[in-house]
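Try each task before you read its solution.

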Amino acid sequence: MDFAALMSKEIAKAKGPTTSSSGSDANGSSKPQGKKYLRRADEEAARIAAYNEEQARIKKEREERMAHKRKLEEEEAERRLEREEKKRRLAEESRKKREEEEAAKERERRKRIGLPEVPRTPSETETPEKEGEGEDISEEELTEKLRELGEPIRLFGETHNSRLRRYKKLLERSLEVKKMSDGPIPTTLEPVPEVEMKIPTKVPKDAEGRQFLFRQLASYFNMVLFEWELALAKRDVSVKQSLQGRQAYNALVQSRENMTPLFRKFEKADVDNSVLEHIVEIVHKAQQRKYMDAGNAYLRLSIGKSAWPIGVTMVGIHERSAREKLHQGDQQAHILSDEITRKYLQSIKRCLSFAQTRWPPEDQLQIMG
């Protein structure tokens, strides 16, 4: 072996194993295997896939929240039905007891004055067990009935007869309390169905017609507040938690609280005729989706048509012919009469603003500014 071959062998041994031509460049440096870059289309596709996965996750979470909310609402409705059934049963028992007591008093009165005894009713001719149940109640049943009423089952030093008398007084008191209808603003006025909610153009003169008008107005405003609350509940969580979302919900709560005195006036039929006429006109125009006309009626109610003096009103010592018009109260600005009136009139304006977004008019010229 010559010297040149020996040197080549030693140099090759010092360099180590040779790399493939595809893995080394001209200088002998190694190159990374696989792709050297990513296409922009692949990056965009990966971004779109990640976005779709995120949207699907958000949609699934929203559906789970809505399902949980519906479940809670159904449970609350079931509990409300159970409470109503308990109240109805207790009221029925109290009514039967009151009828039996009245019949017993009538028999005693007729016996005292010598009249013939009246025939007993079917409820009074029942078995002695049921008749005795109206007079006395066992300990377990009395405890259960007191729990249903939400009252303590036993007071300190209270005997069975004392508990029974307390239970009967609670039953009589529950009959005196008027039933409050369900809604954003609970009221004793019986709600009317939506087909009978059409407000007339003028206020009725008779008492029965005015009472039905108050029921219509209360039902209409409760419907608008319920739709308003439902629209706010359907918003996304991010919108609800934003500043504008919280302000919108606070406006709903404030309107609901400010309109409560108006509902109490409806219950007592104690609404000023001048205010009631404008409220009827506002609601009548809103039901016809003429919101611009309803807004004008609100301005006549809130501002009025009387002259508003600006600047100096008494110049000179002589009385002028038109000076008395400045002080004539032809139409008082009711929004300035007291704070309670101002608040519920402003709440009516807010309900009107929501109604035109919930039930938009066919004529775009009827949209309020």
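## Exercise 1: the cavity lining

H12 supplies four residues to the lining of the largest cavity, the largest share. The model is predicted.

**Task.** Find which residues line the largest cavity, and sort the lining by class.

**Solution.** 
- Step 1. Search the whole structure: one cavity of 30 Å³ or more turns up.
- Step 2. Take the volume of the largest cavity: about 50 Å³.
- Step 3. List the lining: Tyr 220, Phe 221, Ile 282, Val 283, Ala 286, Ile 348, Cys 351, Leu 352 and Ala 355.
- Step 4. Assign elements. Those that give two or more residues to this lining are helix H6 (207-233), helix H10 (273-287) and helix H12 (339-358).
- Step 5. Sort by class. The lining has nine nonpolar residues, no polar ones and no charged ones.

## Exercise 2: H6 against H10

**Task.** Are H6 and H10 roughly parallel, roughly perpendicular or oblique to each other?

**Solution.** 
- Step 1. Recall what describes a packed pair of helices: the angle between the axes and the distance between them.
- Step 2. Read both for H6 and H10. Their axes come within 12 Å and cross at roughly 50°.
- Step 3. Apply the cut-offs. Under 35 degrees is roughly parallel, and 65 to 115 is roughly perpendicular. H6 and H10 are therefore oblique.
- Step 4. Name the contact. H6 brings Arg 210, Leu 213, Phe 214, Leu 217, Tyr 220 and Phe 221. H10 brings Asn 273, Leu 276, Ile 279, Val 280, Val 283, Ala 286 and Gln 287.
- Step 5. Sort the contact by class: ten nonpolar, two polar and one charged.

Key. Residues are numbered from 1 along each chain as its sequence is written. This is a predicted model: local features need pLDDT of at least 70, side-chain atom pairs count only at pLDDT 80 or more; totals for chains, interfaces and linings use all residues. Side-chain values use heavy atoms; hydrogens and water are left out. On a 1 Å grid over the protein atoms alone, a cavity is a set of points where a 1.4 Å probe fits but cannot get out, and a pocket is an open set with protein on both sides within 12 Å along at least five of seven lines; lining residues have an atom within 4 Å of a point. Grid points are joined across faces, edges and corners, and a volume is the space filled by probe spheres set on the points. Ala, Val, Leu, Ile, Met, Phe, Trp, Tyr, Cys and Pro count as nonpolar, Asp, Glu, Lys and Arg as charged, and the others, Gly among them, as polar. Axes are lines fitted to C-alpha atoms, for helices over the stretch in contact, and angles run from 0 to 180 degrees between N-to-C directions. Angles under 35 degrees count as roughly parallel, over 145 as roughly antiparallel, 65 to 115 as roughly perpendicular and the rest as oblique. Contact means heavy atoms within 4.5 Å.
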